[in-house]
Amino acid sequence: MIVTSALRLAAAGSAAMLLVLSAPVTGAATPPRPPAAAPLLAPGSATEPTPPARRFVDPARLDRPGTQVQPLAGAPAVPSPSALSWVVADADTGEVLAARAAHRKLPPASTLKTLFALTALPQHEASERHTVADEELTGIGEGSSLVGVKEGYTYRVSDLWNGVFLSSGNDAVHVLASMSGGWESMARQMQEKARSLGALDTHVVSPDGYDAPGQVSSAYDLAVFGRAGVRDPEFTRYCSTAYADFPAGSWSYGIANTNRLLTGADGVGRYPGLIGVKNGYTSNAGNTLVAAARRGDRTLVVSVMNPQSGGGLAVYEEARELLDWGFEAAGRVRPVGSLLPPTSPEGRAETKAAGAADARAVSVRGGAGAPAAGPARAGAIAETGGPSVALPLSLVGSACAAALVLWAWRRRVPRP
């Protein structure tokens, strides 16, 4: 009878202790739990949430030869420019609407000044004044376009930038580069800036865009620079200026933007809503152009590299065709890529490798040979996020042992 009572007492105590210990303690700090929106599920579970669809088409499309475009119903026919490479993109979203040989590496000529401006503009206030030293004008390439910067003259930084954007003045570039760390330092800074924007095709040797061995860019990278530029109010103010006065000591003279789509010079019609950006030419690069235009609430950027027919002004007419098409095709094509920077600092090549690795990982998780990463992770969360079972069991064992000791002691005590 005594044994039965002791055992009943131990069992009841153990059950009560289990209930008390397994209940959450009011006011105690509770470990974090997995987010409700992303519950841990077994691999291949039918209730596993579907990942969001990718916004942009496989970026590898932009590496393919030929014109890349994905028309929907009612889309206008894409033009066929003679340029070796070109891109049409939405400057707001970064969506590439159509392209041809987007990553083909070609000499950029003065369109590389877009990258120079993105790099050097933030380093000086527009009102800052600078007196030009002789050494700042050394090393300018033969036949370079010049705005007329003179040794010993004092200029505002805004004057020098007008010289860069309007006259494509390599002399103004040399002075601004000297003010910003020097020629070689500027080339390195521009290279770093290009990589930070996801422009991996560009190799900078001469910051002014003058032909140099190994200096290349691409229509894709130039579109990236153009998009970044028109999102910067200061850059936009300079690149959209058609005419300005350039100081020459006690007097000044007028300079005009060499972008004919902006000024309407040389028989090229002005493009409605044109923001500007930058044109270029060298004998090695041919004619190059980055242009942006706004129509309603939509802004497009196009880049055109080295038209093969139509003469020296063809680059403007081909850009016009691409802009017209881009505005008409709004909502009627699926993007074939994006100008947005990649997620990894190393750029597009690493992003592609990571994407391939992710695809392989998804394949493995869904297959029969899946690693035990899921259960291990679940165990780790249960270890920190839920009540421990070991403590209640040890206490129950202690209670049972105490009951047995009590029963043994009572058996040894003589009965009255």
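This is a predicted model: local features need pLDDT of at least 70, side-chain atom pairs count only at pLDDT 80 or more; totals for chains, interfaces and linings use all residues.
How many salt bridges does a search of the whole structure find? The search turns up five, where a salt bridge is a side-chain nitrogen of Lys or Arg within 4 Å of a carboxyl oxygen of Asp or Glu. Residues are numbered from 1 along each chain as its sequence is written, and side-chain values use heavy atoms, with hydrogens and water left out.

Let's start with strand E2, residues 85-90. Six of the six residues in E2 are buried. Here, buried means under 20% relative accessible area, exposed means over 50%, and partly exposed is in between, using a 1.4 Å probe and protein chains only. Look at either face of E2 and you'll find it covered: Ser85, Val87 and Ala89 are buried on one side, and Trp86, Val88 and Asp90 on the other.

Now for the partners of E2. Strands count as paired if DSSP finds at least two bridges between them. Six bridges join E2 to strand E10 (residues 298-305), and the two run antiparallel. Strand E3 (residues 95-100) is also antiparallel to E2, with four bridges between them. Find valine 88 and you can see both pairings: valine 302 stands opposite in E10, and alanine 98 stands opposite in E3. E2 and E3 form a hairpin with four residues between the strands, and there glycine 94 takes a positive phi near 85°.

Side chains of opposite charge can pair when their charged atoms come close. Arginine 298 pairs with aspartate 90, their closest N and O atoms being 3.1 Å apart. Arginine 298 sits in E10 and aspartate 90 in E2, so this pair links parts of the chain 208 residues apart. Arginine 298 counts as buried at 18% relative accessibility, and aspartate 90 does too, at 4%.

Next, follow the chain past E3. In the loop between E3 and H2 is alanine 109, whose phi is near 55°, a positive value in a residue other than glycine. Alanine 109 is buried, with a relative accessible area of 0%. Then comes helix H2 (residues 113-120), which is largely enclosed by the rest of the structure because eight of its eight residues are buried. Its cover includes H3, helix H4 (170-179), helix H5 (183-196), helix H6 (219-230), helix H7 (233-239) and strand E8 (274-282).

One of those helices, H5, has 14 residues and reaches 20 Å from its first C-alpha to its last, close to the expected 20 Å. That expected span is 1.5 Å times one less than the number of residues. The cover over the buried residues of H5 includes H2, H4 and H6. Just after H5, glycine 198 takes a positive phi of about 85°.

What about the nonpolar interior? A nonpolar core is a set of buried Ala, Val, Leu, Ile, Met, Phe, Trp, Tyr and Cys residues joined through side-chain atoms within 4.5 Å. The largest one has 59 residues, of which Phe116, Val149, Trp161, Phe165 and Phe225 touch the most other members. H6 gives the most to this core, with seven residues. A second, separate core of 26 residues includes Ala83, Ala98, Ala291 and Ala319.

Arginine 260 and aspartate 266 meet at 2.9 Å, N to O. Aspartate 266 is in the loop between helix H8 (260-263) and E8, has a positive phi near 60°, and is exposed at 51% relative accessible area. Arginine 260 is partly exposed at 22%. The side chains of arginine 295 and aspartate 324 also meet, at 3.8 Å, N to O. This pair links strand E9 (residues 286-295) with helix H9 (residues 314-328), its two residues being 29 residues apart. Arginine 295 is partly exposed at 39%, as is aspartate 324 at 34%.

Definitions and conventions: Contact means heavy atoms within 4.5 Å.
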